[in-house]
Every structure is written in structure tokens, then in C-alpha cells.
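Please read the following points beside the coordinates.

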2 protein chains.
Amino acid sequence: MATDTQQEVLAGRLRSAQLKVTAPRIAVLDVLSGRGHLDADTVFSTVIEHLPKTSLQAVYGVLAALVAAGLVRKIEPAGSPALYEARVGDNHHHLVCLNCKQVQDVDCVIGESPCLTPSDMNGFAVQVAEITFWGVCSSCQAAPAAT
Amino acid sequence: MATDTQQEVLAGRLRSAQLKVTAPRIAVLDVLSGRGHLDADTVFSTVIEHLPKTSLQAVYGVLAALVAAGLVRKIEPAGSPALYEARVGDNHHHLVCLNCKQVQDVDCVIGESPCLTPSDMNGFAVQVAEITFWGVCSSCQAAPAAT
DNA sequence: ACAGTTGTTTTGATTCATTCAAAACAACTG
DNA sequence: CAGTTGTTTTGAATGAATCAAAACAACTGT
């Protein structure tokens, strides 16, 4: 939960993005600023703890607005629901655990814009290179097997 | 549609993978060997042209078996249903059109195993690096806008 | 060639994440 | 403070994929 000051910071971010400042938007931004990579449902359950009247559809709407405004990034790892994160603007990549689906951030790997120049791109105007590393996280290496 | 000789080749591939040779499996392998990146539903509609009794669930089952056997690769670009391709074993990457969702293959970009070493991987045992390039394909650059 | 076993396919229903649409409502403008 | 625009609620619907049980077919050894 954010203090009033923190909420005003978040409100400011919304205003700079030309978005109306509403309680659900502050709440969603707040939740995402804290933790790492959350799906819509997790965001929803966290939001309703403090804002019980919020609907799941509102959360979807807010997330879509925040993503469109560039305040939130949406990633969709194969086999998981879409995940949202507040870290934006640095085009970092992701490490996904094949076992527990946990997601970790990784910074850009090779130089600044790695792998941004495929050898033959057939006239494609490439805009983003998205890199997902699949592996087994340290907890899952330690534990026998997961659910 | 494959000739009898081609079907025998596909059957051999199934046998080498310890999979029973069945008509739906041959048909699915055949469809995927021809075209590029197809979703389950497209595979299904193509298969039933020659094998009308095949069910969609059978196609899902066959695709899962082929993927598990390593004969087919499954990719799940954000915003599209899962796509399947017969090109396996070379860990190539994909170029996805933001507009028409068309997918093209791209060969590995930097050396043989590009981007396989994130700077800080926090104990993660990385197994695959999956790279997806997002951009606009040449047809969509030419045309005004798509559906 | 044939019966048995194992694994596949069919049939039918269900789940999950997400989206759509209309009405009620709230934030910002002047 | 009233008006306009955009947001949220409410309720329903969609698409992709999965589950489960029964019917069936492919390979094994004889």
C-alpha cells in the first residue's frame, strides 16, 4: 500500500500520460510498482484488498490503458497468462522458469540493442527484439519437482 | 498432399521417434512440412480435406505428441494462438508482423548461440534463448492498413 | 494371419483468460 | 457547478486449449 505522497507521484505519472486519475488506476500502478511480474488476476486480488468495489474488467481496462500509455509493459510468456510489469523504457529481457513459471528480469545482453539485426529480414521493418530465456530457476533446481 | 513415397518418409520419421504411425499423424506432419507456421485450427481444416473423420482434439493430441517427440516446434507469439512448424533442431528465430501477424523464420543472428549468456542470471540454468522480432512486413508496409 | 496389449482417436463437455457491450458513473473543463 | 468525455460496473460471450471416458487401431509376439 502506498502513502498519500506515493499516490500523488503515481497520479502525476497518470496525468503526464494524459490519463484521467482514478482510484483503480492508482491502485493498479501501485501494485505493479511494488512487485515484479503479475497477471491480471493477481493484480485484481491485490487491488480489491484496498478497493473492494473494483471489478476484474476494470483491472483489464486499466492495464490496457496503462500499457497503451507506456506506463506498464505486458509480456506473454508461452503457457502463462499475460504478465504486467511497471519497469518500462529499458527494453530488458526475461528469464522464465520452465518448472514454476517464475519470471526474472535480465538486462540487455550484448551491447545496447542486442540481436536487433537479423541477417535476412526480407523487407521487414523490425521495431523490437524480444528475448525470452527459458531455464530452471535456483529454487526449482534445489527442490525435487513442483506442482 | 503427399505421394505414397513421401508418406513413407513421414512414417519413418514417426517410427524413429517411437511414435505409432497413424493416418492423422502422417496428415499433420505432411501439412506442416509444406507450409510455414500454422495454428491448430488451420492444421485441422487442412487435414480434414483428406481425412474427413479427424477431430480437432485429435489434431491437438497429434501436435502435442509431435512436439514432445521433437518432430515439430510450437511457438506462441503474444496475441496469436499457438503456431506449429516442422523446421526443428536449428533453434532459429521469428519475425512477427505487428499488423497481419504473419510469421517468418530468421536464422540465428549473432554467431551460433546468440544471446545465450545473460549478464546476471541469478542461478538460473538457462536452456533456450527464444528471440522474437516484432515489426511490419513488406506487404503491410505497402498496404495502407489491414483488417 | 491373429489375439492381446498399449496407446490413439473420438465424442462430448469444461476450463481459463480475455473481450464485448450497454448502462451507470466519475474526472476534468470552463 | 454543470457539461462533456472517458471510465467503471454489470452481465454475458468468445476463443483456444484441455480433460475424461469410451471406442478404436497399431504394433508385439505367436
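1. A crossing of two helices is called left-handed if the near helix is turned anticlockwise from the far one by less than a right angle, and right-handed if it is turned clockwise. Helices (H or I, at least four residues) and strands (E, at least two) are DSSP runs, numbered from the N terminus. By this convention H3(A) passes H4(A) in a right-handed crossing.

2. On provenance, this is a predicted model, in which local features need pLDDT of at least 70 and side-chain atom pairs count only at pLDDT 80 or more, while totals for chains, interfaces and linings use all residues. Residues are numbered from 1 along each chain as its sequence is written, and chains are lettered from A and ligands numbered from 1 in the order in which they are written.

3. Chain A contains five helices and six strands, and from the N terminus on its elements run α-α-β-α-α-β-β-β-β-β-α. Of its 147 residues, 27% count as buried (20 or more other C-beta atoms within 10 Å of the residue's own; exposed means 12 or fewer, partly exposed in between, with C-beta atoms placed from the backbone).

4. The axes of helix H3 (residues 40-50) of chain A and H4(A) come within 9 Å and cross at roughly 115°, where axes are lines fitted to C-alpha atoms, for helices over the stretch in contact, and angles run from 0 to 180 degrees between N-to-C directions. A:Ala40, A:Val43, A:Phe44 and A:Val47 in H3(A) meet A:Leu56, A:Val59, A:Tyr60 and A:Leu63 in H4(A), contact being defined by C-beta atoms, placed from the backbone, within 7 Å. The residues of this contact divide into eight nonpolar, no polar and no charged (Ala, Val, Leu, Ile, Met, Phe, Trp, Tyr, Cys and Pro count as nonpolar, Asp, Glu, Lys and Arg as charged, and the others, Gly among them, as polar).

5. Of the 23 residues around DNA strand D, A:Thr22, A:Ala58, B:Val21, B:Pro81 and B:Ala82 come nearest, a residue being near if its C-beta atom, placed from the backbone, lies within 6 Å of the strand. H4(A) supplies the largest share of this surface, five residues, and the surface as a whole divides into 10 nonpolar, seven polar and six charged residues.

6. Although A:Gln18 is not a glycine, its phi is positive, about 60°; A:Gln18 counts as exposed because it has 7 C-beta neighbours inside 10 Å. A:Asn91, also not a glycine, has a positive phi of about 45° and lies in the loop between strand S3 (83-85) and strand S4 (93-97) of chain A.

Notes: Two residues are in contact if their C-beta atoms, placed from the backbone, lie within 7 Å.
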